[in-house]
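Work through the exercises below with the sequence and the structure at hand. Try each task before reading its solution.

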Amino acid sequence: MYVYDPVDQQLVQERVAQFAGQTRRFLDGQLSEDEFRVLRLQNGLYVQRHAPMLRVAIPYGMLAARQLRKLAHIARHYDRGYGHFSTRQNIQFNWPRLEDVPAILGELAEVQMHAIQTSGNCIRNTTTDHFAGIAPDELINPLVWCEIIRQWSTLHPEFAFLPRKFKIAVSGAVEDRAAVGVHDIGLQAVERDGEIGFRVWIGGGMGRTPMVGHLIKPFVAWQHLLTYMQAALRIYNLHGRRDNKYKARIKILVKDLTPEVYAQQVEEEWLRIKDGPDTITQAQLDTIAARFVWPAYEAEAATEADPGAALAQQDKQYARWLRSNVHGHKVAGYAAVSLSLKPTGVPPGDITADQMDAVADLSERYGFGELRVSHEQNLILADVKRSQLPALWAELKALNLATPNIGLLTNIIACPGGDFCALANAVSIPVAEAIQRQFDDLDYLFEIGELDLNISGCINSCGHHHVGHIGILGVDKAGEEWYQVTIGGRQNGGARPLPDIESTRGGGAAVGRIIGPSFAREQVSYVVDRLIRTYLGLRDSEMERFIDVVDRVGIDPFKKDVYADPQLAKPVQREPAQA
């Protein structure tokens with residue numbers, strides 16, 4: 001866990017005081033809506049459909065128990081008793097009062113938290129693998145590099161007003177679990193001739209024009225990572241569109257210039273600044289690494305008896321949880337455990353204040369007081385002794401946090417949708433719940449196997465529907481909600497290591513393809529059921545995943561089965577609108 005130094009703490013506290021003054025002047029009528037908008041966005045404050053929404057930064061998804069307790073306190077005293085974890089590893093509060101936001105930010109500063117650069121046209125929270133620092137297949141610990149990027153990018157005067165928002169992801173392992181291919185900049189650690197460096201993908205992203213990033217630089221030595229990113233951002237700042245927000249993302253610039261021309265311009269700028277003040281030295285790297293406090297693992301944990309082995313033979317529920325929610329760890333005798341925030345009937349990513357407090361307690365009893373937030377909107381206890389897994393499972397069950405669905409269909413990624421967001425064309429949460437209820441049979445879920453299902457309420461793709469194995473997008477048709485379905489998307493190459501071919505795009509990421517005309521809300525769960533039945537009939541073995549079948553046979557067999565189904569051919573009977 002990174003621990004603030006005095007400079008970090010002073011910066012955050014001064015930012016709180018600054019925003020408190022700005023808010024007071026706005027409420028007193030001294031600042032207009034337009035003048036205040038840019039100021040509130042710089043501090044993570046949006047105006048949503050019903051109330052302000054505050055997005056709190058959780059840098060690279062790491063939380064301490066004391067911080068989670070503070071978030072529970074904020075949810076309980078300033079909101080409606082819950083929070084929502086986002087795909088950017090942050091947390092959002094949907095109901096704070098505007099006049100309370102400076103007080104909330106002040107309380108966050110007490111536990112080394114803030115909302116700086118969680119919105120606006122700037123570099124957003126840098127994300128990474130939720131198993132960072134503990135994954136058995138790591139080449140480097142990406143947490144240190146995320147912190148280096150955070151310090152470099154926070155309030156950077158050159159990049160405070162970019163043409164559009166900017167997102168960076170870092171993967172330090174052989175397997176990409178950070179979705180580097182669908183970010184503005186994606187960094188993948190690699191080793192070449194005994195030297196550690198990074199592959200650099202640029203121009204990925206979702207939203208209105210989904211694209212997979214291009215491999216702009218096959219290898220950048222670690223010392224030059226910041227100067228290369230500075231060059232990449234300078235070219236974007238120079239040429240990026242500011243007259244049309246729909247064409248302002250760097251992915252559009254890379255496409256328009258062509259990846260080759262963009263890469264050449266970045267290279268020319270980089271060679272000019274390569275050895276400048278942002279060059280990283282070993283001393284700087286060591287200083288940042290020293291600000292992290294790492295767990296004191298117990299060597300005897302590797303030899304402690306595991307009572308879970310016998311329990312798994314006796315209890316099917318525990319066996320399922322062990323299979324889907326418990327993950328490998330680089331230290332013998334330890335495991336990482338996913339806490340599913342996707343039980344049936346709960347909006348994906350939501351957690352109550354009482355659950356937050358309880359999870360903070362569990363992190364101290366079964367770990368080292370640390371947690372992770374995944375970009376799949378779940379929580380992870382990163383350092384649990386394997387001998388303690390049965391006891392932890394029993395406590396998680398009591399909290400409704402032990403649903404064994406990680407990696408399965410009901411582990412749905414979804415944005416808040418039309419229930420909260422003013423930009424949404426359609427709701428997401430009721431659709432997710434209908435699908436969860438359709439597939440509430442765990443035996444059937446495990447028979448289906450690995451499958452990512454993502455839902456977005458509008459084309460901005462906050463639910464990352466473009467990279468779901470099955471993606472669902474809410475669209476507007478003459479004032480009514482309809483849903484477009486895609487299949488074949490993926491956020492990375494899965495369990496397969498990245499190939500060494502320099503022309504590889506996006507680490508195996510892919511954008512899903514639309515299967516055909518959109519569906520009414522009432523039909524969506526049945527469409528998903530029809531897709532699953534088609535998959536089960538086409539797969540060669542239980543080992544062949546849904547995405548593998550789509551890759552092998554294409555979308556046509558799925559499309560044919562869905563639109564030929566009599567149940568889906570029936571016209572939708574809607575209630576007449578109330579006068």
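Two strands are said to pair if DSSP finds at least two bridges between them. The model used here is predicted.

**Exercise 1. The hairpin**

Find what links β14 and β15, and state how many residues lie between them.

Solution. Start with the pairing: strand β14 (residues 370-373) is joined to β15 by two bridges, in the antiparallel sense. One of the facing pairs is Arg372 with Ile380 in β15. The two strands form a hairpin, and five residues lie between them. Now look at the turn. Gln377, in the loop between β14 and β15, has a positive phi of about 70° although it is not a glycine. Gln377 is also buried, at a relative accessible area of 1%.

**Exercise 2. A sheet of five strands**

Give the order of the strands in the five-stranded open sheet, and name the strands at its edges.

Solution. The order is β1-β2-β5-β4-β13, with antiparallel pairing. At the edges stand β1 (45-47) and β13 (350-352); each has a single partner strand, so one side of each is left without a neighbour in the sheet. Ignoring direction, neighbouring strands of this sheet are turned by 30° against each other on average.

For β1, follow the pairing in detail. Three bridges connect β1 with strand β2 (residues 52-56), in the antiparallel sense. Val47 stands opposite Pro52 in β2.

Then see what lies across the sheet. Helix α12 (residues 353-365) lies across β4 (82-85), β5 (91-93) and β13, and runs at about 80° to β13.

Finally, inspect the loop between β4 and β5, where Gln89 is found. Gln89 is not a glycine, yet has a positive phi of about 65°. The relative accessible area of Gln89 is 0%, so this residue is buried.

**Exercise 3. Two helices**

Describe how α3 and α4 cross, and sort the residues of their contact into nonpolar, polar and charged.

Solution. The axes of helix α3 (residues 65-78) and helix α4 (residues 101-110) come within 10 Å and cross at roughly 160°. Angles over 145 degrees count as roughly antiparallel, and α3 is therefore roughly antiparallel to α4. Their crossing is right-handed. On the α3 side, the contact is made by Lys70, Leu71, His73, Ile74 and Tyr78; on the α4 side, by Ala103, Ile104, Glu107, Leu108 and Glu110. Sorted by type, these residues are six nonpolar, one polar and three charged.

Key:
Residues are numbered from 1 along each chain as its sequence is written. This is a predicted model: local features need pLDDT of at least 70, side-chain atom pairs count only at pLDDT 80 or more; totals for chains, interfaces and linings use all residues. Side-chain values use heavy atoms; hydrogens and water are left out. Axes are lines fitted to C-alpha atoms, for helices over the stretch in contact, and angles run from 0 to 180 degrees between N-to-C directions. Helices (H or I, at least four residues) and strands (E, at least two) are DSSP runs, numbered from the N terminus. Angles under 35 degrees count as roughly parallel, over 145 as roughly antiparallel, 65 to 115 as roughly perpendicular and the rest as oblique. A crossing is left-handed if the near helix is turned anticlockwise from the far one by less than a right angle, and right-handed if clockwise. Contact means heavy atoms within 4.5 Å. Ala, Val, Leu, Ile, Met, Phe, Trp, Tyr, Cys and Pro count as nonpolar, Asp, Glu, Lys and Arg as charged, and the others, Gly among them, as polar. Buried means under 20% relative accessible area, exposed over 50%, partly exposed in between (1.4 Å probe, protein chains only).
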